[in-house]
Amino acid sequence: MLHEPAKPAEKDPAGPYKMRLGIWMFAFYSLFYAGFVAVNLLSPLAMAAIVFAGLNLATVYGFALIIVALIEALIYDWMCRKKEAEFAKAEKQNAEKGKA
């Protein structure tokens, strides 16, 4: 059975914006993760320190990495949808001007 897209993919006008946004968000997360690695490398005993509600730094930082990744994903989705809506609105306005 051959599976093909429902319709041919078109050029995404928001593509460059999405790419730049993704690169910036990846850079931010990479720095945040590098901090985790640096603490483990330079001061591994610091990860055993109790920092919040009886949890050690390793646990809190690990959960923070997961939560930040989820928040970044939601922000990325929201910003991309917003940009796509702007392009769709502009395209619709241009189409209406062409009819008039």
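**Ground rules.** I call a residue buried under 20% relative accessible area, exposed over 50%, and partly exposed in between, with a 1.4 Å probe and protein chains only. This is a predicted model, where local features need pLDDT of at least 70 and side-chain atom pairs count only at pLDDT 80 or more, while totals for chains, interfaces and linings use all residues. Residues are numbered from 1 along each chain as its sequence is written, and side-chain values use heavy atoms, with hydrogens and water left out.

I took helices (H or I, at least four residues) and strands (E, at least two) as DSSP runs numbered from the N terminus. I found two helices and two strands, in the order α-β-β-α along the sequence. The chain is more spread out than a compact globule, because its radius of gyration is 22 Å, well over the 13 Å that the globule rule gives for 100 residues. That radius is taken over C-alpha atoms, and the rule is 2.2 Å times the number of residues to the power 0.38. Along the principal axes, the C-alpha trace spans about 70 × 40 × 25 Å.

I use contact for heavy atoms within 4.5 Å. Among contacts with a separation of 6 or more, 63% are between residues 24 or more positions apart.

Is Lys18 buried or exposed? I find Lys18 buried, at a relative accessible area of 18%. Lys18 sits in helix H1, residues 15-42. Setting aside neighbours within four places in sequence, I see Lys18 in contact with Asp12, Tyr76, Cys80 and Glu84.

I pair rings of Phe, Tyr and Trp (its six-membered ring) if their centres lie within 6.5 Å; planes under 30 degrees apart are stacked, over 60 edge-to-face, and the rest tilted. I count four aromatic pairs by this rule. The rings of Phe28 and Phe32 are stacked, because their planes stand at 5°, with centres 6.5 Å apart. Phe28 and Phe32 are four residues apart in helix H1, about one helical turn. Phe28 is partly exposed at 48% relative accessibility, and Phe32 is partly exposed at 23%.

How are the rings of Phe32 and Tyr61 arranged, and how far apart are their centres? The pair is tilted, because the planes stand at 35°, and the centres are 5.2 Å apart. This pair links distant parts of the chain, with Phe32 in helix H1 and Tyr61 in helix H2 (residues 57-99), 29 residues apart. Tyr61 is buried, with a relative accessible area of 15%. I also noted one aromatic cluster formed by Phe28, Phe32, Tyr33, Phe36 and Tyr61.

Leu2 lies in the segment before H1 and is exposed, with a relative accessible area of 68%. From Leu2 to Gln93 I get 38 Å in space, C-alpha to C-alpha, and 91 residues in sequence.
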